[in-house]
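The sequence and the structure are shown below.

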Amino acid sequence: MAIEARELSKSFRINSKLPIPMSPSSKKAGQEGVSIERKVFDRISFTLDNGISCVVGPNGSGKTTLIRVLSTDIPPDSGSCTVMSYDLVKEKNHVRSIISTMFQGGSYFFDNQLTVGENIAFLSEVLELDKEKIRELMEVMGVNDYIGFKFGFLSHGNKKKMALIRAIALDRPVLLLDEPTSDLDFATRVAVRKILEDIGEKKTVLITTHEIEDIELCKKLLILYDAALKEYDRESILKLANNFKVISIEEPNDNLGVEGYVLLSKSREQIRILVSNQEVEELIRKLQGYTQVVVGKPNISEIVIYISRLNNRSNW
């Protein structure tokens, strides 16, 4: 197995201050320090071999943290994990030499003050990257016209493309990518999926994603939710995604009448609910008094929320 994790756990301790009301004796309000432990994942076990595997789950479920642990960026609290037979903790330098990573919203390994071309020249020298391969990837992803631009002036999407190019060009046996297709234009997303599909034929690729289209590439689908990790059938997820719609209602009132539907999120400004295709027309009739009602496709996170409710969440 390329990656084998056993009973892996990770928690974060959050320190915050709660207000203390003024008392007659002190005549002064104050703050009290409180330490809260949040379990990100708890004793999870899984194995990954060659091919593309996906980790999915709602925002904040721990997907990025799992990538950070597997990449040796942060250590697990307990449990064990090997990457290509190397121990994740005891042999982390060996692990780092055989993996390539891209973090969502994290360091892009580029210098903002250098041009794209200067960054490529530097990284190619230090990491022994194939310059021709980089040029090919830049052309496919539509960033070859930015070769003379300072990296700091690139848009978020173009910076992400360059981060992906670096990760792929390293040409290592294990690729760990945190939401590689988010924030990219449609044409680039299609191109990236094709590149990853080709890489997955001979390497181990683990991606996190919210995109339904991404899981069509996956050989193994893992759902991370409520500190637990479970393998789930890919075709079942795709079928659910095709059988449901998300309805968003702007500026809802208290008498909306949407009881019995799956509530995804609720605020004063908007309510989002998940409904089956057969229920859409009926619900739209109920909402005729609202001018801002939007019907759309669910993303993978919304499907995970539905599955967790279906399983009564206690089973996770």
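The sections below cover the sheet, its helices and the cysteines of this predicted model.

## The four-stranded sheet

Four strands form an open sheet in the order β12-β13-β11-β14, and their pairing is antiparallel. The edges are β12 (262–266) and β14 (293–296), each of which pairs on one side only. On average, neighbouring strands of the sheet are turned by 20° against each other, direction ignored.

Four bridges connect β11 (residues 244–250) with β14 in the antiparallel sense. Within this pairing, Ser248 has Val294 in β14 as its bridge partner.

## Helices on the sheet

Helix α8 (residues 234–243) lies across β11 and β13 (270–276) and runs at about 45° to β11. Helix α10 (residues 300–310) also packs on the sheet, where it touches β11, β12 and β13. The direction of α10 makes about 125° with that of β12.

## Cysteines

The structure holds one disulfide, between Cys54 and Cys218, with an S to S distance of 1.6 Å. It links distant parts of the chain, 164 residues apart. Cys54 belongs to strand β3 (residues 51–56), whereas Cys218 is in the loop between α7 (212–215) and β9 (220–225). Both Cys54 and Cys218 are buried.

Cys81 counts as buried, with a relative accessibility of 4%.

How values were computed: Residues are numbered from 1 along each chain as its sequence is written. This is a predicted model: local features need pLDDT of at least 70, side-chain atom pairs count only at pLDDT 80 or more; totals for chains, interfaces and linings use all residues. Side-chain values use heavy atoms; hydrogens and water are left out. Two strands pair if DSSP finds at least two bridges between them. Helices (H or I, at least four residues) and strands (E, at least two) are DSSP runs, numbered from the N terminus. Axes are lines fitted to C-alpha atoms, for helices over the stretch in contact, and angles run from 0 to 180 degrees between N-to-C directions. Contact means heavy atoms within 4.5 Å. A disulfide is a pair of cysteine sulfur atoms within 2.5 Å. Buried means under 20% relative accessible area, exposed over 50%, partly exposed in between (1.4 Å probe, protein chains only).
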